[in-house]
Amino acid sequence: MLVLCYHKVCDLDRDWNGIATSLDTFSNQMEYIYKTYGFASSNELVNTKQDKRVVLTFDDGFEDNYTNVLPIIQAYGIPALFFIATETIHTQRETWCNELIRIILEGYEYPNCFLFGENGEMKLFQTETVEQRITLYHYIRNIMLGLNAEKRNDIFDLLKTWAGTDRYPARTTHRMMSVEQIRDLSSKEGISIGCHTVTHPSLGLLTDEQQRYEILQSQNTLEEIIGKKVDQFAYPFGGINDYNITTMNILESLNFKRAYSTTFKRKSKLDSVFEIPRVCINEMSMEVFKNKVDMSIEKESYYFEESI
């Protein structure tokens, strides 16, 4: 079986970090898989190329997963697994990585420079052009990946003062699901809810204690909301350096059944249910999508053995 990973399903004027799929494109993609391969739930997931069905997953917990995705998958009877980061579900805020984009790239009348200090050294960034601000975005994002919420918010305070973000509202297009929406989503037939940490960090950059907090607290929050056991997990960002052996051991100790990455590369010497690979999908032509799915289904590297 092949596991696909989506994030946002909505129409955006500009998708800065390449995580969105338009509504029409997503609908066409679902129709293709439904007619060509068929879908399976995550609970049916098996390590075999003989079963060519596709498992559908969504990361982060964007509100459009509820408003746009749910009607389409219900129309086809498609099961799906939604991984939700819990920090922003009680708020109107975006996740930090999207909020960073909003502040640095979605505003107007920016100052011509931004002065930032790190490890006792000050660095000056020119910020007059979009290209210059993209450079600033990537620099700050890489720093924030391994920070806790408090330190990350300190940087956000500096950025908000620099950008004057009070002059324009938060983006409704990037709003996260509410508690009520998560609870209703969970009640639908074929729908499963999984953990995606509290604050969406790169777990591989955190201490053991910080990792355990991110995993356990998100699990507790979601189980309280939906009233069900939550035992599947997706690593935020999902790359080979975004988790480590400690992360996998913590998940096993907390009785998680499976964990998903966004790559076919492995952290452990043996393939396992804590490194299930996924293919990420965003806006693309149907020809590219078909080729990507068809080729991935035939790749040995997208399969795993239940060795843990």
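Mentor: A polar contact is a pair of N or O atoms within 3.5 Å; within protein, one must be able to donate a hydrogen and the other to accept it, and residues adjacent in sequence count only if both atoms are side-chain atoms. This is a predicted model, in which local features need pLDDT of at least 70 and side-chain atom pairs count only at pLDDT 80 or more, while totals for chains, interfaces and linings use all residues. Residues are numbered from 1 along each chain as its sequence is written, and side-chain values use heavy atoms, with hydrogens and water left out.

Trainee: With which residue does the side chain of Ser-268 make a polar contact?

Mentor: Ser-268 sits in the loop between strand E11 (258-260) and strand E12 (279-280), where helices (H or I, at least four residues) and strands (E, at least two) are DSSP runs numbered from the N terminus. Ser-268 has a relative accessible area of 18%, and is therefore buried (under 20%; exposed is over 50%, partly exposed in between, with a 1.4 Å probe and protein chains only). At 2.6 Å, the side-chain partner is Glu-275.

Trainee: Which side chain joins that of Asn-98 in a polar contact of 3.5 Å?

Mentor: Asn-98 belongs to helix H3 (residues 96-105) and is buried, with a relative accessible area of 1%. Although 82 residues separate Asn-98 from Trp-16 in sequence, their C-alpha atoms are 9.2 Å apart. The side chain in the 3.5 Å polar contact is that of Asn-17.

Trainee: Which residues are exposed on the other side of H1?

Mentor: Helix H1 (residues 23-36) has 14 residues, and its buried residues include Phe-26, Met-30 and Ile-33. On the other side of H1, the exposed residues are Asp-24 and Lys-35.

Notes: The expected span of a helix is 1.5 Å times one less than its number of residues.
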